[in-house]
Number of protein chains: 2
Amino acid sequence: MKIAIIGLGLIGGSLGLALKKNGAHSLIGIPRDEKTLQKALALGVVDEGTTDHLRGVKEADLVFVCVPINLIVPVVGEIAPHLKKGAIVTDVASTKYEVVTRLEKAMPKGTYFIGGHPLAGKEQFKIDAAEAGLFNDRTWVLTRTSRTSQRAMEKVTEIVRLIGAKPIELEPKTHDLVVAAISHVPLAVAVALVNAVSGEAEKVIMAQCAASGFRDSTRVASGDPILGVDIFTTNKKAVLKMIGSFKRSLSSLEGLIKEGNGEKIREELARAKQFRDSIYG
Amino acid sequence: MKIAIIGLGLIGGSLGLALKKNGAHSLIGIPRDEKTLQKALALGVVDEGTTDHLRGVKEADLVFVCVPINLIVPVVGEIAPHLKKGAIVTDVASTKYEVVTRLEKAMPKGTYFIGGHPLAGKEQFKIDAAEAGLFNDRTWVLTRTSRTSQRAMEKVTEIVRLIGAKPIELEPKTHDLVVAAISHVPLAVAVALVNAVSGEAEKVIMAQCAASGFRDSTRVASGDPILGVDIFTTNKKAVLKMIGSFKRSLSSLEGLIKEGNGEKIREELARAKQFRDSIYG
């Protein structure tokens with residue numbers, strides 16, 4: 001099976017390393033520029049490469065599109081007419097409803113699109129940060145809709161398992177609400193925490209005193225701002241819904257602090273600790 | 001110099017290990033119960049110990065009070081009349097204004113109180129989690145007021161330096177606002193993030209998909225709920241002020257997401273990234 005990867009940043013690069021480590025061959029990398037291509041070849045991320053999308057995907061059985069969210073639809077639109085019959089395209093974008101709805105309609109007959117999202121990442125987002133183990137034991141969401149080809153879903157599931165990730169199937173809208181809750185709202189909150197501190201007169205002392213708690217609470221605010229923009233613009237509805245849930249949850253705690261209601265504060269904190277410990281125990 | 005430590009949890013225990021590692025001798029531990037005392041002696045946290053406060057502090061030149069916030073004032077009230085002349089008492093509580101104001105007035109003539117707060121910690125809070133390096137390179141706030149004895153401040157500063165921490169002096173009220181911003185509001189926010197997720201119908205899938213971002217964003221919500229209650233009840237004013245700043249900061253981002261204003265969202269995210277990277281980068 002020939003696999004092509006369009007976009008060789010952290011995710012595309014790590015995917016290449018993971019596929020090669022697990023025995024994939026005929027791996028072709030299609031980065032944005034020649035410099036990244038040379039780096040990818042030097043790092044052993046892919047077997048061969050080109051910066052020409054059409055040439056790169058021509059013989060591919062499976063194409064991973066690992067470009068920023070806002071480029072996925074144009075890139076797939078460009079390659080779709082040139083795919084070979086039976087080819088499967090999948091992506092890795094953090095939001096799914098918009099992308100999946102548009103691409104399922106756009107695929108030519110005999111080619112297939114499966115929306116995907118590996119729940120893995122870090123602050124660095126270039127190929128230099130790529131690692132073969134990035135997806136180990138991580139959940140990799142695949143989206144199923146009424147248009148989904150069973151064969152294509154099975155093929156992508158098999159590859160996701162091959163590189164050590166744990167595939168789960170969700171509807172695109174459910175996916176978007178889930179990641180709003182566990183990823184996008186935490187990002188908005190981290191950004192707001194940092195900007196609240198930097199707006200205070202005491203910000204210099206605050207920065208000096210900031211320890212591991214603030215570091216971890218705000219870690220995601222050091223990610224790529226462009227990815228954040230893509231997330232907040234393509235997953236607006238679910239993000240706003242979950243910001244609403246978060247604000248109600250915070251206001252409830254704020255009210256108890258105002259009252260000085262120690263017993264109820266303890267209950268809120270114990271409830272959070274219990275749920276969180278059940279996830280990360 | 002004889003040093004006594006009242007309370008042998010994570011902080012008291014780590015303090016004992018750090019002091020011993022850096023050459024302190026005559027270190028007496030005064031935990032709540034006999035079981036902790038035996039554990040402390042076995043772990044080499046102190047040289048000797050007793051569960052009797054009055055006997056323990058009788059000959060001490062310096063007493064570290066490492067008990068939960070709400071016990072500090074009663075404990076110091078109990079030991080104060082029994083301290084030897086010239087003795088210095090210091091604490092490690094996360095909030096300072098209430099404790100310092102009450103204790104500075106309560107100290108008998110010829111004995112001194114210096115409020116202290118090491119900015120170090122982790123989720124585990126018992127002696128088993130104690131480590132000699134917990135305070136290495138960490139900021140240790142000491143509070144100065146118009147009543148502060150210069151000699152006592154110098155003595156405590158010297159010991160804080162001895163164990164590898166970085167002492168800084170702040171007024172109690174400034175300290176409380178600073179920790180509200182970098183520690184207490186992040187705790188409230190982490191609790192609200194977790195409780196928002198656990199209130200959703202999709203909470204099981206959300207928990208299953210939660211990855212390293214959510215883990216780090218909410219880490220502090222797994223801390224001791226009782227410490228959280230103490231924090232929110234003894235630092236109410238500063239916490240409510242900083243929750244206000246945080247909510248304004250989040251509402252501003254929420255408004256931009258509603259508008260779909262990509263450029264302004266990018267600016268907010270880039271501003272947060274820049275300030276955070278200046279702290280931890």
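Copies are superposed by least squares on the C-alpha atoms of residues with pLDDT of at least 70 in both. I start there since the symmetry was what I looked up at the outset.

**Ground rules.** I am working with a predicted model, where local features need pLDDT of at least 70, side-chain atom pairs count only at pLDDT 80 or more, and totals for chains, interfaces and linings use all residues. Residues are numbered from 1 along each chain as its sequence is written, while chains are lettered from A and ligands numbered from 1 in the order in which they are written.

**Symmetry.** I laid chain A on chain B: a turn of 180° and a shift of 0.0 Å along the axis do it, with an RMSD of 0.0 Å. That is the relation of a two-fold axis. Which residue of chain A comes closest to the rotation axis? I found A:S217, with its C-alpha at 2.0 Å.

**Interface.** Next I checked contacts (C-beta atoms, placed from the backbone, within 7 Å). I get 78 residues of chain A in contact with 78 residues of chain B. For elements I use DSSP runs numbered from the N terminus: helices are H or I with at least four residues, strands are E with at least two. Elements of chain A that each supply at least two residues to the side touching chain B include β8 (139-143), α8 (203-209) and α11 (236-259). The largest share comes from α7(A), with 18 residues. The same surface serves both copies, as 100% of the contact residues of chain A recur in chain B.

**Strand β5(A).** I then moved to β5 (residues 88-91) of chain A. A:I88 and A:T90 point one way, A:V89 and A:D91 the other, and all are buried (20 or more other C-beta atoms within 10 Å of a residue's own; exposed is 12 or fewer, partly exposed in between, with C-beta atoms placed from the backbone). I note that in a regular strand the side chains alternate between the two faces of the sheet.

What does β5(A) pair with? Strands pair if DSSP finds at least two bridges between them. β4 (residues 62-65) of chain A runs parallel to β5(A), joined by 4 bridges, and β6 (residues 112-114) of chain A is also parallel to β5(A), with 3 bridges. A:V89 is the bridge partner of A:V63 and also of A:F113.

**A:R144.** A:R144 is partly exposed because 15 other C-beta atoms lie within 10 Å. A:E171 is 27 residues away in sequence, but its C-alpha is 5.4 Å from that of A:R144.

Technical notes: Two residues are in contact if their C-beta atoms, placed from the backbone, lie within 7 Å.
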